[in-house]
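Hi everyone, thanks for coming. Have a look at the sequence and the structure on the screen, and I'll walk you through a few spots.

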Amino acid sequence: MALRQIRYEGDDILRKPCKEVKEMTERTAQLIEDMFETMYEANGVGLAAPQVGILKRIVVIDVDDENPLVLVNPVIESSDGEQTGDEGCLSLPGKSATVTRPNHVICRAMNENMEEITVEGTGLLARAICHELDHLEGVLYVDKAEPGTLHKVEPPEPAEE
Ligand code: NI
């Protein structure tokens, strides 16, 4: 395991769409392990591969430090409801803004063994799934934030994805 360098807003790689993962190689398995280590070290609840400079459709999420989730080639199958709240991102440290997201999503993906999985999330998990999947399209939360709500935050910061 190794920490990876987190890419920050302004880095072009955060704005590029990611490519599908065709097979689970040793290298990709290592990337997933490193993404978890990097996310936990930064006290984040989610991290997408482009945030460590890799344009692959992989995200890791753990909203409660108890349920690590790997989503490979994730797709949101359905979403409903609405939640409005503060959102942050490890690629924009020390900042937060108000973003409206679905309150419930059903996401299809593959896990680290390339087995098909379906993940259902509400509240923070739904928000994290939407936020991380946006990263795979080169979208950052500030693109969707309510205008004028971007502000600095002091530690402890709100959930960062
Ligand atoms: Ni993020």
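Let's start with a pair of threonines: Thr84 stands opposite Thr100 in E5. The E is for strand and H is for helix: both are DSSP runs, helices being H or I with at least four residues and strands being E with at least two, numbered from the N terminus.

Quick housekeeping. This is a predicted model, where local features need pLDDT of at least 70 and side-chain atom pairs count only at pLDDT 80 or more, while totals for chains, interfaces and linings use all residues. Residues are numbered from 1 along each chain as its sequence is written, and side-chain values use heavy atoms, with hydrogens and water left out.

Back to E5, which covers residues 95–101: 5 bridges join E5 to E4, and the two run antiparallel. Strands pair if DSSP finds at least two bridges between them. So what order do the strands of this open sheet have? The order is E4-E5-E8, 3 strands with antiparallel pairing. E4 and strand E8 (151–152) are the edge strands, each pairing on one side only.

Now Gly85, which sits in E4, residues 83–87. Is Gly85 buried or exposed? Gly85 is buried, because its relative accessible area is 18% and buried means under 20%, exposed means over 50%, and partly exposed is in between, with a 1.4 Å probe and protein chains only. Contact means heavy atoms within 4.5 Å. If we skip neighbours within four places in sequence, Gly85 is in contact with Ala97, Thr98, Val99 and Arg127.

On to the nonpolar cores. A nonpolar core is a set of buried Ala, Val, Leu, Ile, Met, Phe, Trp, Tyr and Cys residues joined through side-chain atoms within 4.5 Å. The largest one has 17 residues, and Val119 and Leu125 are among those with the most contacts inside it. Which element gives the most to this core? That's H2, with 6 residues. There's also a second, separate core of 16 residues, including Ile6 and Val70. In general, nonpolar side chains tend to be buried together in soluble globular proteins.

Last stop: His131, found in helix H2. His131 counts as buried, because its relative accessibility is 2%. Okay, that's my tour, thanks!
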